[in-house]
Amino acid sequence: MSEPILELKEVDVHYGVIQALKKVSLHIDEGETVSLIGSNGAGKSTLLMSIFGQPRASAGQILFRGTDITHKSSHYVASNGVAQAPEGRRVFPDMSVEENLLMGTIPIGTAHADEDMQRMFELFPRLKERRNQRAMTMSGGEQQMLAIARALMSRPKLLLLDEPSLGLAPIVVKQIFQTLRELATTGMTIFLVEQNANHALRLSDRAYVMVTGEIRLSGSGEELLGNQEVRNAYLGGH
Ligand SMILES: Nc1ncnc2c1ncn2[C@@H]1O[C@H](COP(=O)(O)OP(=O)(O)OP(=O)(O)O)[C@@H](O)[C@H]1O
Ligand SMILES: [Mg+2]
């Protein structure tokens, strides 16, 4: 069995007196696509951000490729191979597509920038058409693609995605998941947070279900798609 690329061991996170994560344990193996599903406020974004130490875990341990990163800086985590497309597709609004992609190289430098930008344009042809357009004038779907492409520009070993489908039309959601599937077949390790449980579970090798800061269930994507509790809570009971 391969060693996990990411491992959380009994991680707690507090915001003041509020405990947002309660003894969260999970692992992601190299090359896997794993999703984390759960309702609003369950703690999904908190979990992703805690990998970068913002917020910091108040107990437990976070390991990346065997190294304890629980107390490392977000810069350390980013330059060692973790990239995130954060919730709300935060792009630099006044910058062009190309300039946004260049910002993604900050953790590793620009040595591979041209080559990697071409790769992003193959993965997201729409971004190529819009390479000189300012990000703020692009559609929500295009901005989401840009946020993912920018994260990939740091050549991550682990890609974290926080609700890439949020607020997008079904056809755009489908395109984004199609691209994630392509990315997964290139061997990229993906950790995906989603409220769109149906798409997420169908894409994923495995998934975790989070309820009020705790991992409630885990299993293969297929198992969870068939699980009655999951169907009732996240798939509209169908
Ligand atoms: N900066 C903060 N300060 C205080 N409380 C916070 C902060 N960020 C999040 N919380 C609280 O922590 C809990 C988990 O929030 P989090 O954003 O991780 O949930 P989520 O699962 O990502 O929700 P959503 O699906 O709505 O994005 C919530 O109760 C939230 O109000
Ligand atoms: Mg969130």
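Ligand 1 is surrounded by 13 residues (a residue counts as near a molecule if one of its heavy atoms lies within 4 Å of it), and the closest of these are Asn40, Gly41, Lys44, Ser45 and Thr46. The structure is a predicted model, in which local features need pLDDT of at least 70 and side-chain atom pairs count only at pLDDT 80 or more, whereas totals for chains, interfaces and linings use all residues. Residues are numbered from 1 along each chain as its sequence is written, chains are lettered from A and ligands numbered from 1 in the order in which they are written, and side-chain values use heavy atoms, with hydrogens and water left out.

The shell around ligand 1 consists of 3 nonpolar, 7 polar and 3 charged residues, where Ala, Val, Leu, Ile, Met, Phe, Trp, Tyr, Cys and Pro are taken as nonpolar, Asp, Glu, Lys and Arg as charged, and the others, Gly among them, as polar. Helix 1 (residues 44-50) gives the most to this shell, with 3 residues; helices (H or I, at least four residues) and strands (E, at least two) are DSSP runs, numbered from the N terminus. Polar contacts are pairs of N or O atoms within 3.5 Å; within protein, one atom must be able to donate a hydrogen and the other to accept it, and residues adjacent in sequence count only if both atoms are side-chain atoms. Oxygen atoms of ligand 1 lie 3.2 Å from a backbone N or O atom of alanine 42, 2.6 Å from a polar side-chain atom of lysine 44, and 2.8 Å from a side-chain N or O atom of serine 45. Taken alone, ligand 1 exposes 640 Å², of which the protein buries 60%; accessible areas come from the Shrake-Rupley method with a 1.4 Å probe, and for residues only the protein chains shown count as cover.

Lysine 44, found in helix 1, has a relative accessible area of 4% and is therefore buried (buried means under 20% relative accessible area, exposed over 50%, and partly exposed in between, with a 1.4 Å probe and protein chains only). Besides its contact with ligand 1, the side chain of lysine 44 reaches the backbone oxygen of serine 39 at 2.9 Å, and a polar atom of that side chain lies 3.0 Å from the backbone oxygen of glycine 38.

The magnesium ion (ligand 2) is coordinated by Ser45 (OG) and Glu87 (OE), at 2.0 to 2.4 Å; donors are N, O and S atoms within 2.8 Å of the metal (3.2 Å for Na, K and Ca), and water is not among the atoms, so sites may look incomplete. This pair links distant parts of the chain, 42 residues apart, with serine 45 in helix 1 and glutamate 87 in the loop between strand 6 (82-85) and helix 3 (97-103). Serine 45 counts as buried because its relative accessibility is 18%, whereas glutamate 87, at 31%, counts as partly exposed.

Helix 6 (residues 140-152) has 13 residues, and its end C-alpha atoms are 19 Å apart, in agreement with the 18 Å that it should span at 1.5 Å a residue, the expected span being 1.5 Å times one less than the number of residues. Because 12 of these 13 residues are buried, helix 6 is largely enclosed by the rest of the structure; among the buried residues are Glu142, Met145 and Arg150.

Backbone geometry was also examined. A cis peptide bond, with omega about 5 degrees, joins glutamine 54 and proline 55, and proline 55 lies in the loop between helix 1 and strand 4. Phi is positive, near 45 degrees, in arginine 65, and near 50 degrees in glutamate 163.
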